[in-house]
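Please read them with the structure open.

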Amino acid sequence: MNIPKELKYTKTHEWVKLIDEKTATIGITDFAQHNLGNIVFVNIQGEGSKLEIGDNLADIESVKAVSDVFSPVAGIISKVNNDLQDAPELFNDAPYDSWIVEISAITDMQDLLSAEEYEELVEKEA
Amino acid sequence: MELKTPLYQNHVIGGGKIVPFAGYLLPVQYEEGVIAEHNTVRTKAGLFDVSHMAEVTFKGSDALKNLQYLLANDFTNMVDGQVRYTPMCNPEGGIIDDLLVYKIRDNDYMLVVNASNRFKDVTWMKKNIFGDVQFEDISDHVAQIALQGPKSLDILRKLADEKYIPVKYYSFIEKGLVSGIECIVSQTGYTGEGGFEFYCKPEDASFLWDKLLEAGKEFGLIPCGLGARDTLRLEAAMPLHGHEMTDELTPLESDLGIFVKMDKADFIGKSAIVKKSPVTKKRVGLKLIDKGIAREESKIYVNGKEVGITTSGTYAPYLGYPIAMAIIEIEYTAIGTIVQIDVRGRLISAEVVKLPFYKKG
């Protein structure tokens, strides 16, 4: 299972890349894409949407199931990765390159897990 | 508690991702994933463990009479070695289950029913049998493997003599030999492709599975899980009990009218089906126009009016677009009708299309 050291993680299998204090990109982990199986659609909240911690920022549809992606931060969606809407299989191929949104003007953030802590969590769930 | 099929170890060794299903631990997929497994069955061949399916036997001089009364189809004109699909209805005309009837010979039949309905079906059958008939649930003594896809015949020919290979669709050889294993060899399946199903002793299943995989290697055969089994049957518009068929829906509402013989003598559910005809709602196929997947139990609207509900929905891997089946009010079932489906609060447009979505070439 690939868990890059430089990223932060949530218990619900999102990864967070902090670009600066007020900006982050968010995606789903290798473990998440593996569990979902072939991903065929993603529906992402629009640019400019204001999010609170725990708000849905995207729905990811795999052949088998639909899964919510939750925002671990409060802020405003400043960019949406439209490539994923056209080629959702990128989630499976390169989960850590497949950022879903960039969130700016971050005002709050939930406690995030380090790569080591996330690895422990995944080992328990696997 | 979940049971293990005789092939459980084969799945674990083969890299299957195991999930509980209908009381059994079965692989939902292997390493290749649902889409690859699905498309391999369409283009080459796939192997499925369907040992969870349940089998019962009807024997005796009144066996046929019992089937005629219990089931909606007609079995009087079957020949030995023939298979026939049928709904089994309750007195209200709803579908208790759908099943396959194997005529082994006069006074000797085997029925294959859904795993999740096994105990309900057995209770119902026992309650309604009459006359000279010996009824038995033999499920625990039967394992079942399905070989599906255009390369199935080439693969089977490597392991079985021609005389053990049934020539016609929906026919079977009672005592076939495949790789030395005695089994029923049946030309049936649940994928929309040609192929064979093997009913063997549980203790022989693991060996037969490995032999089939080995023989199929050169033809691209791979093991497949429940995920692909579901997308394949859905793409082929084959109904699934608990979805397109329920204890409340009549076979006519489920669009299975050709399997109900209203001109035969009385059978359970007949008078209720007559009363509920013509139907006011019916199963249809939907092709989604907008992006998204309408899974089961999504509400369907036309001009803001609720007109139905989806019963199954997925992304169709071979066709490359999302599809669903649904039960819709009869006024809105014409091919080409545009409906809206509520997918998690979002309205998605879909078109009523002809079934099946996919038909093999």
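1. Ground rules. This is a predicted model: local features need pLDDT of at least 70, side-chain atom pairs count only at pLDDT 80 or more, and totals for chains, interfaces and linings use all residues. Residues are numbered from 1 along each chain as its sequence is written, while chains are lettered from A and ligands numbered from 1 in the order in which they are written.

2. The contact. Chain A gives 10 residues and chain B gives 14 residues. Two residues are in contact if their C-beta atoms, placed from the backbone, lie within 7 Å.

3. Side of chain A that touches chain B. Strand E4 (39-44) and strand E6 (56-62) of chain A each give two or more residues. E4(A) gives the most, with three residues. Strands (E, at least two residues) are DSSP runs, numbered from the N terminus.

4. Strand E17 of chain B. This strand spans residues 305-316, and nine of its 12 residues are buried. Buried means that 20 or more other C-beta atoms lie within 10 Å of the residue's own, with C-beta atoms placed from the backbone.

5. Pairing with E16(B). Strand E16 (residues 299-302) of chain B pairs with E17(B) in the antiparallel sense over four bridges. Strands pair if DSSP finds at least two bridges between them. Val302(B) has Lys305(B) as its bridge partner in E17(B). Two residues separate the strands of this hairpin, and Asn303(B) in the turn has a positive phi of about 50°.

6. Pairing with E18(B). E17(B) also pairs with strand E18 (residues 321-329) of chain B, antiparallel, over eight bridges. Ile309(B) has Ile327(B) as its bridge partner in E18(B). The hairpin has four residues between the strands, and Gly320(B) takes a positive phi near 85°.
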